[in-house]
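This report is for a reader who is new to the structure shown below. Please look through the sequence and the model before reading on.

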Amino acid sequence: MTQDELKQMVATAAVQEILAILPPQSLIGMGTGSTVNYLIDALQTHASYFRGVVSSSDKTSQLLQERGFKVLDANQVTSLPLYIDGADEIDPHGNMIKGGGGALTREKIVASLADQFICICDATKLVNVLGVFPLPVEVIPMASAQIQRFLESIGGNVELRKTKTDLNQNFVTDNQAWILDVKGLVIDQPLALETQLNQLPGVICNGVFAVQSADTLLVTLNDKVQTIHFRKDKNN
Ligand code: 5RP
């Protein structure tokens with residue numbers, strides 16, 4: 001199976017999981033990325049099952065609206081029973097790197113509103129230690145150089161993200177900010193790194209999801225969807 005077929009398979013399985021967990025007219029938080037796009041497609045026949053969806057990006061909002069879902073602003077809700085999203089990497093404790101699609105800040109905001117986080121991905125995203133995938137750090141543009149110097153001082157190899165179509169154009173997030181992609185970090189203490197990076201002036205958000213780690217993982221492994229529940233007292 002191709003990676004896209006594996007993403008589609010886990011997205012289809014996630015529909016049954018969501019409908020089993022949530023009663024009709026529930027709210028749900030929706031992530032961003034190709035796996036989530038497959039989920040939105042697979043869930044569209046159930047669009048009216050949901051009172052509303054809080055979205056983590058302009059792209060996801062647009063697709064949700066095209067598929068008949070009611071999109072709510074995060075400010076309109078006080079909590080969500082469930083947030084569902086993909087990941088770029090996930091470790092054996094449910095800590096993740098996210099933000100490959102550039103939506104990390106809004107993803108973390110919506111995830112923080114949710115009682116539980118279900119991560120959906122294919123097995124290529126499973127790692128023992130985070131850090132092979134470059135860690136995205138969303139920054140206020142005027143602080144990018146000083147944040148880059150700090151990231152280099154802790155062993156990172158930093159690149160300012162460019163658009164896919166024009167390598168002379170900086171990638172600009174939904175929040176009108178830039179992304180530094182950091183290679184070369186061995187993230188064996190994700191919670192500590194997430195906390196440290198959050199302290200830097202000008203950092204809007206970093207792509208370590210240890211505070212908002214996954215509670216449950218649905219993953220396509222050996223062409224089957226497997227479910228993993230992470231312990232709440234997990235070791236970060
Ligand atoms: C976007 C994300 C995505 O969840 C992550 O990049 C995985 O994407 P895909 O499902 O396309 O592999 O964090 O900011």
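At what angle do helix 1 and helix 2 pack, and how far apart are their axes?

## Basis of the report

This is a predicted model, in which local features need pLDDT of at least 70 and side-chain atom pairs count only at pLDDT 80 or more, while totals for chains, interfaces and linings use all residues. Residues are numbered from 1 along each chain as its sequence is written, and side-chain values use heavy atoms, with hydrogens and water left out.

Helices (H or I, at least four residues) and strands (E, at least two) are DSSP runs, numbered from the N terminus.

## Helix 1 and helix 2

Two packed helices are described by the angle between their axes and the distance between the axes. Helix 1 covers residues 3–21 and helix 2 covers residues 34–43; the angle between them is about 50 degrees, and their axes are 8 Å apart. Axes are lines fitted to C-alpha atoms, for helices over the stretch in contact, and angles run from 0 to 180 degrees between N-to-C directions. Helix 1 and helix 2 are therefore oblique to each other. Angles under 35 degrees count as roughly parallel, over 145 as roughly antiparallel, 65 to 115 as roughly perpendicular and the rest as oblique.

The crossing of helix 1 and helix 2 is right-handed. A crossing has this hand if the near helix is turned clockwise from the far one by less than a right angle, and is left-handed if anticlockwise. Residues of helix 1 that meet helix 2 include D4, K7, A11 and I18, and among those on the helix 2 side are T35, Y38 and L43. Contact means heavy atoms within 4.5 Å.

## Helix 4 and T105

Because seven of the 10 residues of helix 4 are buried, this helix is largely enclosed by the rest of the structure. Buried means under 20% relative accessible area, exposed over 50%, and partly exposed in between (1.4 Å probe, protein chains only). Among the buried residues of helix 4 are L104, E107, K108 and V110.

T105 is also in helix 4, which runs over residues 104–113. The relative accessible area of T105 is 9%, so it is buried. Its side chain makes a polar contact with the side chain of E138, at 2.5 Å. A polar contact is a pair of N or O atoms within 3.5 Å; within protein, one must be able to donate a hydrogen and the other to accept it, and residues adjacent in sequence count only if both atoms are side-chain atoms. Not counting residues up to four places away in sequence, T105 touches E138, N175, I204 and C205.

## Salt bridges

How many salt bridges are there? The count is eight, where a salt bridge is a side-chain nitrogen of Lys or Arg within 4 Å of a carboxyl oxygen of Asp or Glu. One of them joins R106 and D58 (3.4 Å, N to O). This pair links distant parts of the chain, with R106 in helix 4 and D58 in helix 3, 48 residues apart. R106 is partly exposed at 26% relative accessibility, and D58 is partly exposed at 44%.

E159 and K183 form another salt bridge, at 3.8 Å. E159 lies in strand 9 and K183 in strand 10, so the pair ties together parts that are 24 residues apart in sequence. D41, E66 and R67 are linked in a network of salt bridges; within it, the closest N and O atoms of E66 and R67 are 3.9 Å apart.
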